Amino acid sequence: MSGPSDPGPEPLWLFDGVCNLCSGSVRAVLAMDRRGLIRFTPIQSVYGRQLAVAHGIDPDQPTSFLFLDDGRALAKSAAVLALLRRLGPPWSWLAVIGALPEAWRDAGYDWLAANRYRLLGKRKTCMLPTPAQRARFILEPPPE
């Protein structure tokens, strides 16, 4: 059975679809993930809201994205590192930042997350995938 605590298709990135930084990052990963492994769901979708609530994130005021991978729900810098590793070389090499203490990495993540709208702006509507990208976006919960 799939539901909010069982993410279904993995790896899955739960992102803020109205955040310009987040949407731009998703577009970059779509281009870098040549194997097409990573799936996406905006927090503004039905499935995204369910996942956010299930993992303690306020879907109306998100402070982190989630990366669901190998049965784990990762947030903040741990999510960034797992995402980088999934992309493979050369992007996975950036995961060397994992050598920094987690408290430092998360402090940097928290600062960027708290200032993302001020720094790069916010959309009025959620990012829409192109027809070619649509298969990699999950907007509704997987069937039970």
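Visitor: Which residues of H1 are buried?

Guide: Cys 22, Ser 23, Val 26, Val 29, Leu 30 and Met 32. Buried means under 20% relative accessible area, exposed over 50%, partly exposed in between (1.4 Å probe, protein chains only). This is a predicted model: local features need pLDDT of at least 70, side-chain atom pairs count only at pLDDT 80 or more, and totals for chains, interfaces and linings use all residues. Residues are numbered from 1 along each chain as its sequence is written, and side-chain values use heavy atoms, without hydrogens and water.

Visitor: What do the buried residues of H1 pack against?

Guide: S1, strand S2 (39-42), H3 and H4. Contact means heavy atoms within 4.5 Å. Helices (H or I, at least four residues) and strands (E, at least two) are DSSP runs, numbered from the N terminus.

Visitor: What span is expected for H1?

Guide: The rule is 1.5 Å times one less than the number of residues. H1 has 13 residues, giving an expected 18 Å. From first C-alpha to last, H1 reaches 18 Å, close to that value.

Visitor: What makes a nonpolar core?

Guide: Buried Ala, Val, Leu, Ile, Met, Phe, Trp, Tyr and Cys residues, joined through side-chain atoms within 4.5 Å. The largest has 21 residues, Val 26, Val 29 and Phe 40 being among those with the most contacts inside it. Strand S1 (12-15), helix H1 (20-32), helix H3 (76-87) and helix H4 (102-120) each give two or more residues. H1 gives the most, 5.
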